[in-house]
Amino acid sequence: MATLIDWEELGDGIGRAGTVLRANATSAGLDAPVPTCPDWTVRDLVVHQGMVHRWATDVLLGRGMSDGSALTEAGRRATDLLDWFDDGWAELLSTLGGAPEELDVPFFLRTGDSPRVGWARRQCHETSIHAVDALAARLGRTPTAAETWLTPRLAADGIDELLTGFVPRRRTGLTNPEPLTVEFTASDSDRSWSLELGPEGTRTRTEPSPAAGVRLSAPAVELYLALWNRGDAVEDPQQFLPRWREVVRVEF
């Protein structure tokens, strides 16, 4: 469904997450491992996020979807990687700030958001989750919800984007041989979502389900981190989340 937070909150979310990412990348050092992305160093993380910011900016400016590999290589060649990150992050925020409400560019998630809002929302959560990765690199472990700066409102919106935008896409691959309904509740945000799994894919409803065979409930930030595979503080007596982590992997 369309974003649960307003335009200013999306911009503030990108700004705050970028600040957290940069600060923790600086403290950890570019060669530090990233516990939440085991194959990455902080350098890989910063290059990736800087690439995504530039890729999204190109779409917003009507340049189409640019070559991510070329942008990645530009980051790897940057004389000062963190300055390169800053430049892309600042241009993204400036471009979003100047984008008209009726902006007509492609957007790949069917959430009901306009392209302008959809791209702001996507970059807000993309940057927030990777800022959690940078924090993990500094700490040397996965952070708890209390150690992050994330708010329940932003977290509930990120859960909604994931469950209504990404999970129903066929490429996500979340299926079940028999019909199964999984209910997620952000216990401090008065929000629930129900995933209806079947052999052909998944459908999401933005409401609780009395027929749910699996129920997971936690404060919004804990649930957000768990569903983005950045935490395991959610009680899961039916052991659904290990399967989720194996199947649901968002690459952009």
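In this predicted model, W244 touches L162, L163, V167, L174, F184, L195, A226, L227 and N229, leaving aside residues up to four places away in sequence. Several of these names return in the largest nonpolar core, which has 76 residues. W119, L163, F184, L195, L227 and W244 are the residues with the most contacts inside that core. Helix 2 (residues 42-60) supplies the largest share of the core, ten residues. Domain 1 (7-143) and domain 2 (154-247) both contribute residues, so the core lies between them. As a general background, nonpolar side chains in soluble globular proteins tend to be buried together.

Next come the strands. Strand 1 (residues 180-186) pairs with strand 2 in the antiparallel sense, over seven bridges. Within this pairing, L180 stands opposite L197 in strand 2. The hairpin of strand 1 and strand 2 has four residues between the strands, and D190 in this hairpin takes a positive phi near 55°.

On to the next pairing: strand 2 and strand 3 (residues 201-205) are also antiparallel, with five bridges. Here E196 stands opposite R203 in strand 3. Two residues make up the link in the hairpin that joins strand 2 to strand 3.

Is strand 2 largely enclosed by the rest of the structure, or largely open? Six of the eight residues of strand 2 (residues 191-198) are buried, so this strand is largely enclosed by the rest of the structure.

Technical notes
Residues are numbered from 1 along each chain as its sequence is written. This is a predicted model: local features need pLDDT of at least 70, side-chain atom pairs count only at pLDDT 80 or more; totals for chains, interfaces and linings use all residues. Side-chain values use heavy atoms; hydrogens and water are left out. Buried means under 20% relative accessible area, exposed over 50%, partly exposed in between (1.4 Å probe, protein chains only). Two strands pair if DSSP finds at least two bridges between them. A nonpolar core is a set of buried Ala, Val, Leu, Ile, Met, Phe, Trp, Tyr and Cys residues joined through side-chain atoms within 4.5 Å. Domain bounds come from an automatic or database domain assignment. Contact means heavy atoms within 4.5 Å.
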